[in-house]
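Colleague: I'm new to this one and I'd like to go through it with you. Can you put it up on the screen?

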Amino acid sequence: MTSLLRFTKGHGTGNDFVLYSDPAGDRPLTAAERAALADRHRGVGGDGVIRAVRSANLPEGAAALAEDPDAEWFMDYTNADGSPSEMCGNGIRVFVRYLLENGLATLDEGQSLPIGTRSGVRDVHRLADGFAADLGRWSLHGGEPTVTARALPVPRPGLGISVGNPHVVVALASEAELESVDLSEAPVLDPAPEAGANVEFVVPADPLVVDGVGRIRMRVHERGSGETLSCGTGAVAAALAVRHWAGPSAPTEWRVEVPGGVLGVRVFAAEDGEHAALSGPAELVFDGTLLV
Ligand SMILES: N[C@@H](CCC[C@H](N)C(=O)O)C(=O)O
């Protein structure tokens with residue numbers, strides 16, 4: 001039986017999402033239904049689908065509420081192919097904007113809202129011109145697989161980084177090389193991580209640091225979605241990788257240029273270790289109703 005589903009289309013630096021609200025947790029949608037929503041020809045189109053559920057009303061929400069009883073809302077995120085991901089850095093800003101615009105939460109400038117995700121509770125801070133999300137503790141994770149991509153003359157070493165979800169970052173030699181890499185097919189990783197990975201290709205700007213801020217350009221092939229205009233967690237992983245390669249004198253603030261815009265990354269010491277925060281815009285574009 002078909003039914004009506006109200007949705008909102010939103011994006012953060014061109015990384016676009018279909019959002020819908022399911023406070024009671026009784027409208028989960030299958031992976032195939034989510035992939036159909038994200039289909040750019042037969043559906044609304046998006047790099048991912050985000051369901052807003054009250055943490056109390058889905059199984060993964062129990063862990064979020066145990067971590068922070070104020071994490072009322074859970075971001076149930078899936079990629080364009082319907083596969084779930086632990087975290088989405090652009091998505092969580094758009095998610096908070098969606099909650100605010102729909103009267104599901106309140107957040108004044110300067111305040112934070114805790115959001116449940118599969119990678120734990122993440123605090124989203126309201127800025128004058130967007131949002132900043134504390135993505136929590138990061139780690140080197142996944143080793144150093146060799147990365148082969150179309151139009152890259154030779155395979156390159158990658159660096160595995162987890163910011164809640166898995167990334168492999170590859171340094172390229174020049175802007176020209178960054179432009180020429182063909183991401184219409186997924187890069188091949190050897191060894192291949194069991195859970196897959198998002199792969200970022202990065203080049204430093206020249207000079208790398210201006211006024212204490214590190215500057216890099218990045219393109220990304222996202223697990224489950226293909227090449228996208230932006231990936232927030234990918235921008236954080238790319239900044240962390242370049243900082244790791246640059247050594248202890250590297251800056252803590254980074255400006256990451258992606259095809260869809262610019263994101264900010266800040267690395268800081270927290271009680272439980274080193275965290276990375278991601279800042280950037282969050283836009284809602286249109287609402288609609290679908291037959292599902
Ligand atoms: N675009 C997102 C990341 C979305 C999830 C990713 N494709 C994965 O499978 O981990 C971001 O902005 O972080």
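Colleague: Which residues are closest to the ligand, and how many surround it?

Modeller: Keep in mind that this is a predicted model. In it, 19 residues surround the ligand, and the closest are Ser 85, Asn 90, Asn 165, Gly 232 and Thr 233. As for helices, α3 (89-101) and α5 (232-246) each supply at least two residues of that shell.

Colleague: What is the make-up of the shell by class: how many nonpolar, polar and charged residues?

Modeller: There are two nonpolar, 14 polar and three charged residues around the ligand.

Colleague: Which domains does the shell draw on?

Modeller: Domain 1 (4-137 + 281-291) and domain 2 (139-277) each give at least three residues to the shell. Those two are what the domain assignment of the protein chain gives. Their C-alpha centres lie 23 Å apart, and the contact takes 24 residues from domain 1 and 26 residues from domain 2.

Colleague: Which elements are on the domain 1 side of that contact?

Modeller: The elements giving two or more residues there are α3 and β7 (130-137). The most comes from β7, with six residues. By class, that side of domain 1 has six nonpolar, 13 polar and five charged residues.

Colleague: Where does UniProt place the "active site"?

Modeller: The unreviewed UniProt entry puts that feature at Cys 88 and Cys 231. They are spread over 144 residues of sequence, yet they cluster in space, with a largest C-alpha distance of 7.8 Å.

Colleague: Why is Cys 88 called buried?

Modeller: The cut-off for buried is 20 or more other C-beta atoms within 10 Å. Cys 88 has 31, so it counts as buried. Its place is in the loop between β4 and α3. Leaving aside neighbours within four places in sequence, Cys 88 is in contact with Gly 48, Tyr 77, Gly 232 and Thr 233.

Colleague: And what makes Cys 231 count as buried?

Modeller: Cys 231 has 35 C-beta neighbours inside 10 Å, so it is buried too. You'll find Cys 231 in the loop between β15 (226-228) and α5. With neighbours within four places in sequence left aside, the contacts of Cys 231 are Asn 15, Asn 90, Asn 198, Val 220 and Glu 222.

Colleague: How do you know whether Asn 79 and Arg 223 are buried or exposed?

Modeller: By the count again. Asn 79 has 25 C-beta neighbours inside 10 Å, so it counts as buried. Arg 223 has 21 other C-beta atoms within 10 Å, so it is buried as well. Not counting residues up to four places away in sequence, Arg 223 touches Asn 79, Gly 196, Ala 197 and Asn 198.

Colleague: One last thing, about α1. Why can you say that its buried residues line one face of the helix?

Modeller: The buried residues of α1 (residues 31-38) are Arg 34, Leu 37 and Ala 38. Seen down the helix axis, they fall within an arc of 95°, so they line one face. Those buried residues pack against β2 (15-21), β3 (48-54) and β4 (73-79).

Technical notes
Residues numbered from 1 in each chain as written. Predicted model: local features only at pLDDT ≥ 70, side-chain atom pairs only at ≥ 80, totals over all residues. Near = placed C-beta within 6 Å. Helix = DSSP H or I, 4+ residues; strand = E, 2+ residues; numbered from the N terminus. Nonpolar A, V, L, I, M, F, W, Y, C, P; charged D, E, K, R; others polar. Domains from an automatic or database assignment. Contact = placed C-beta atoms within 7 Å. Buried ≥ 20, exposed ≤ 12 C-beta atoms within 10 Å, placed from the backbone. Arc of directions from axis to C-beta. UniProt positions renumbered as here; feature names shortened; annotations may be inferred.
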